Amino acid sequence: MRDGVSPHFAIIYQVSGAVIGELMQTEQDTLKTTPNRLHPKQGEVIDRSTTIRFTFDGVKYIAHPGDTVASALTAAGVKVLSRSFKYHRPRGLLCCAGHCPNCLVQIGDEPNVRACMRSVEAGMDVRAQNVWPSLNRDLLSLTQLGSRLMPVGFYYKTFIRPKKLWPLYEHTLRHAAGLGEVDIDTPSGKFDKQYLHTDVVVVGSGPAGISAALGAAEGGAQVLLFDENSALGGHLRFTVPLHSSLPSQVSKDLPELLEALSQQPNVTAFTDTSVLGWYQDNWLCAAKGARLFKIRTKSVVVATGAYETPLIFDNNDLPGVMLGSAAQRLLHLFGVLPGRQVVIVTANEDGWDVAADLQALGVNVAAIVDEREHNACSSPYRDGLANIGVPVFYRHTIREAIGSSAVSGAKIVRLDGRGEIAPATTQVLQCDLIVTSMGWTPATELLYMAGGKSEYSADRAETVPVSTPPGIYVAGRAAGIHAVDSQITEAWQAGSNAATFAGFGEFDELAAQASDISEPRRTSERVCVPGKKKRFVCYCEDVTDEDVETAIAEGYDSIELLKRYSTISMGPCQGAMCSMNTIHLCARANGRTVQETGTTTARPPIAPVTLGALAGQNVEPVQTTPIHQWHLDHGANMMVAGLWLRPNHYGDPAAEAVCVRKQGGLIDVSPLGKLQLTGPGVPKLLERIYTNQWHNLRVGRVRYGVMCNDEGVVLNDGVCAHLKDETWYMTTTSTGATAVFEWLQWWLQSGWGEGVHLTDLTDTYAAFNLAGPQSRTVLEKLTARNLANKAFPYMRIRSAKIADVPCQLLRIGFTGELAYEVHCPSGYALHVWEALMDVGRELGIAPFGLEAQRILRLEKGHIIVGQDTDAMSDPLSANMAWAVKLNKPDFLGKPSLMRISAEGPKQLLVGFKMVDPDVVPAEGLQVVAPEVDGRLKIIGWVTSSRFSPTLEEAIGLCWLPADLASQNGASFTIRMGGDLKAAHVHHGAFYDPSGERLRM
Amino acid sequence: MLLLTCPNCGDRNVSEFRFGGEYGPRPKDPSATSDAEWANYLYMRHNVMGAQTEWWHHSDGCGLWFLAERYTRTNEVIKTFPYVKRDA
Amino acid sequence: MSIQLIRQAFNGNRPPPKMWRSHELKEYYDVVIIGGGAHGLACAYYLAKEHGITDVAVLEKSYIGAGGSGRNTAIIRSNYLTSEGVRFYNQSVKLYEQLSDELNFNVMFSQRGHLTLAHTDGGVNTMRRRAEVNQIEGVDSRLIFPDDIKSLCPYLDVSDHPRYPILAALYHPPGGIIRHDAVVWGYAHQADVRGVHIHQNTEVTGIKVQDGKVTGVETTRGHIKTGTVLNATAGWASTITAMVGVKLPLTTIPLQACVTEPLKPFLDVVVVSGSLHVYISQTDRGELVMGASVDPFSSYSMAGSLAFLEGIAGHVLELFPSLSHVRILRQWAGICEMPPDYSPIMGFTPVNGFLIDVGWGTYGFKASPIAGKTLAELIATGKPPILIVPFRLSRFEENDLVGEKGAAAVGH
């Protein structure tokens, strides 16, 4: 076996030389002693050779490495660890397995930490949560006094009137609720993720899990074994197996199993690792601290064990009422006594095991209260314990835990022949610990997520798996098997089957059949003992059995409605402690069976998982151009544009714009989408995907085109050049590049691809637009190519070497000036850019950013797809009718555009100028028309606006009703703040409307 | 996570693919469609809760657009197959 | 303190009153509403209360509120992009404001304010456009900038370090969150009180149509005769509408959400980021409820994905870096049917007597009261109220779509 994370196999067995009495003499006055720490014993996980210190609510405590926060506090005699959610009742250790809410604490800046699972670290600052002013004197516990007025769902029935006061009530409710606190200064922390691929995953490393892993590995499969605890072994680490007659000695089976595992190279084990969920196609997720595992496996063995089921009785939430398995964990793993005088309440042999353990360790067993008849008990300790005088009450159960903030006694009652409480049989027993061992709820979340189904067996009072999807196997207590021998045998076969499913070996149908397990029943059908005080079903939300009955009587009678109304199982335990008991109560109240009542849906994560672990390193993708660093080095102000980071400006965008008009400028347009299309079919394709004509575009020429979808909505625009015979070069908008590539791939592959080959060159080429009257002069200094207007006119493409780098030059310009777009291989981008800048600088050329480009294009009245158009805009309305040829054969969007054209567009995109030239209406402002009643009617909106440094006035584009937009000079008003500002329609470009400067 | 079988590349995580919607061919002669027929093509969908034939694009892979049959209630993929042009 | 509670407290063993009753399926109902969610139950309630139509059956295949009503992230707002959308949702918010009183059931509408963050120039422009439309339509909504954002929500990282720096936000003070289940239960109760029959665990298996007119409904519990059927099964609407041979412009896609363990209150407002596809709020119980945009492919499965959890965790930490230790407790999914223009489809269909209340995408729960009220009016009078005329099914043939798609993809 290999350890999944650290190279060393976890050390489970450690016998330390340290002895009881861990008090540091020098700090006797401030440090708490550990009166409940036992002598060293085999199997414990603490290292007694050293001590570490931590604080709980400011008080100093000591612990040993290996202690959990909860075990160390219990060793020091601390019983109250938290306060409950609604009534603020004191709560202490219940499950000691990370499944209940009772030990949730704040540790430093981390809220809602399960103290029973978190190892103590030196200097830890542990605090109680949601208490005021302190854990032991929490004034909010006064809410209990009014608890009759706060039944389940009370908040739905009150605070309704007067409505004005609801915010105040709500404020109070909010501040009484919540558990841990978020520290605003919490550092981001380091988290990561790991992918794992395997044949078989085994979840849970109890005897069943280990055996399943061995069974699968022996078949040749690679196996990953996960356990949420700090070491492998499951319940064998702290229970006495039935066939052992020696109390308080850990089973010999575990070392043997671990030894076998260590010899098996096909198994990799992960401890402290919670499997969080099963997702489609055997995709599992697990977390170990700050690391998230994403696992793809061929098959899964669910050996997740079972939750010990609490009993519902008066004051069953009092600190000192504990599950049997919790007591055993404290004793065996941490050498901590959970109490001095114990009453054991049980219905199975597990309770007797606990009694034997505690008795052997010197705890006074005040009574064993077994609801069964004497002859139903087959515990090997039965006679031994009776012989040494331990009082045993058969056919009895507990009625109430006595005590205010911790257990000081137990009221027990006799049961009559029908199992009901016999009147006037109450006895009071002194004790400081009540242990309940009433039975088990199989941990079937993973099985259910994977699509498995269980049925309730009334004989066993447990659910038993009845169907599992292909590749999913169940073993151990999750499968309803409690006896260790059977667990080991059956699980081995489950593991072997899982390996077979994963493709290892032949399927042995006979061996694969699960044998009939007949075991003594482990779980009582009694979930609740009626009484007069509060009896908690749900510890997280403080829901009592009476609350459940009330909710059902009100009509919330299905398990799902009951859950939502009472909030049962919606707290931190997610139903681990309460789901089975709730189903029993619901079934009884409705007069239905447990099977008919059903369960709520199991939802991931099975164990709560931090946002940090889920996020991992949390790297949001960023795209930068090949000369990104140059921009940063030259003071560029960068902006987010889709995934890209691009220079917005280099200090003064208006000056950059003026510079382009007067001398020239250079902009990095590398994010433009760049596609190469080759083959004889290209012209036909272009005709279909663009709205204008392409078959007549001669080699060396460039044309602007608009792409629509079949709704007639503008998808993208750009230019396309006919490079040579069967080669075309298309550019798209920066943010739409990927979408256009996929769009074209779709049409090519779904029927229009004959004779076309498409290549995405977006990242292959960088692109710079050199714009302005001096641009030709600049380029001429870097190339031998004849750039004269006649040789290389507007809307042409030429190959040329620029600064010795082979480039494509496109004579196009968004800015309205003489301009060349230089497309060069990305690897030479910096060289070409710097060459252009070096030459250009002398001629007054400066880099410009997106903001200057936006000004310049607006002066020309060019639209930006996505800014001036949205997901509903068609090109006829967007003032691009000139680019739509409805008389050509079918193209994308034609039928829709024909319909729009026939009806006439309702709205048009049009240029405008302000009557007051200094007023720039912000983009997004609405064009309004006052109505007779004084209200404003929205008739359009401003999509683009800037103060034009060239024209020295405000200009813009807006949507207007078609009739208004079509009248050049027509007036309209834009709402700005409280005022209406006058504007008028402007047809044509604001700057150089005849386009002379482009063609210089 | 769902596994999809790309006809070129084999089993891959669904996160490598882009969903292309339910299969619905473009009318043969779009200009001849009635308003209702054109709206039916543009907008109306069977949207079945059951086996659906649909487009997928291996966008973070080979770039193939292909078809899949999938149960939309369970996401179980029945089969995947390359598109074969049925008419010119 | 309500009298009801005091009575309940001192009533000893007397059972509390039933919120709704069970009934045998009658042979005939004047109106059959398919879908026991907030929309269907609201419609039943308004039919009974405002139009005196009480012979109404609400058929729910599972338990009431099992669909989108109980799975959404309970955000209420009216700061839409189009005038049609704003007017409609503004009426909804107004009804929600009165709902606890009207239903005598506290639906806990918490108008704590709603922030939609803008991370790009384009995003800022869209927010300004929405703010302007909202203001003109009389809805409190305005553009605010990082200083104000920080004071409303101190845990947000408004520095310029993040990948998507926060440039501005659309602030909508009347927006907030509500107890979604309570809306369902409150409507169910008041509908029941007025004589409406709520049939849970009653699945519709067929709809009878004769000569182009609805005559009855087949269910798993038997046949019902009726002349009026309302399909209020958003998510599953295509499957019901297919029973009468009508195709809808809908694609059903899961929408996922998750919730954290309870924390002491620190987040007062609802925060939405379109660029990061996330929305987050803190419930009165202290949990953070978070959601994202719809799933990447269509499905009726509500299984949920790990990719969703990973994505949303990253995006939430991008906005709130101090939440890295906060734990996710539970994830779930609902299903949404997306129409092409991100606007609902309400009213008549080509089948006489078969009405639809569908296409509710990711914005249905917010509209429950007004959708119920307007549809009740439509059923009672036969005339579509002006508020829902833009949402008619025929708009797709008439090339008259509603422009709500222009807003960001995540609109919670």
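## Helix packing in chain C

The crossing of α2(C) and α6(C) is left-handed, in what is a predicted model. Helix α2 of chain C spans residues 38-51 and helix α6 of chain C spans residues 180-193, and their axes come within 8 Å of one another while crossing at roughly 30°. Because angles under 35 degrees count as roughly parallel, that crossing makes α2(C) roughly parallel to α6(C).

On the α2(C) side, the residues that take part are A38(C), L41(C), A42(C), A44(C), Y45(C) and A48(C), and they meet V183(C), V184(C), Y187(C), A188(C), Q190(C) and A191(C) of α6(C). Sorted by class, this contact between α2(C) and α6(C) holds 11 nonpolar residues and 1 polar residue, with no charged residues.

## Domains of chain A

Chain A is divided into domain 1 (1-183), domain 2 (192-307 + 442-512), domain 3 (310-438), domain 4 (536-609), domain 5 (673-761) and domain 6 (906-992). Between domain 2 of chain A and domain 3 of chain A, the C-alpha centres are 31 Å apart.

## Contact between chains A and B

Where chain A touches chain B, 16 residues of chain A are in contact with 18 residues of chain B. Two helices of chain A, α20 (737-752) and α24 (894-903), each supply at least two residues of the side that touches chain B, and the largest share of that side, 6 residues, comes from α20(A). By class, the side of chain A that touches chain B comprises 5 nonpolar, 5 polar and 6 charged residues.

Terms used:
Residues numbered from 1 in each chain as written. Chains lettered and ligands numbered in written order. Predicted model: local features only at pLDDT ≥ 70, side-chain atom pairs only at ≥ 80, totals over all residues. Domains from an automatic or database assignment. Axes fitted to C-alpha atoms, helices over the stretch in contact; angles between N-to-C directions. Helix = DSSP H or I, 4+ residues; strand = E, 2+ residues; numbered from the N terminus. Parallel < 35°, antiparallel > 145°, perpendicular 65-115°, else oblique. Left-handed = near helix turned anticlockwise from the far one by under 90°. Contact = placed C-beta atoms within 7 Å. Nonpolar A, V, L, I, M, F, W, Y, C, P; charged D, E, K, R; others polar.
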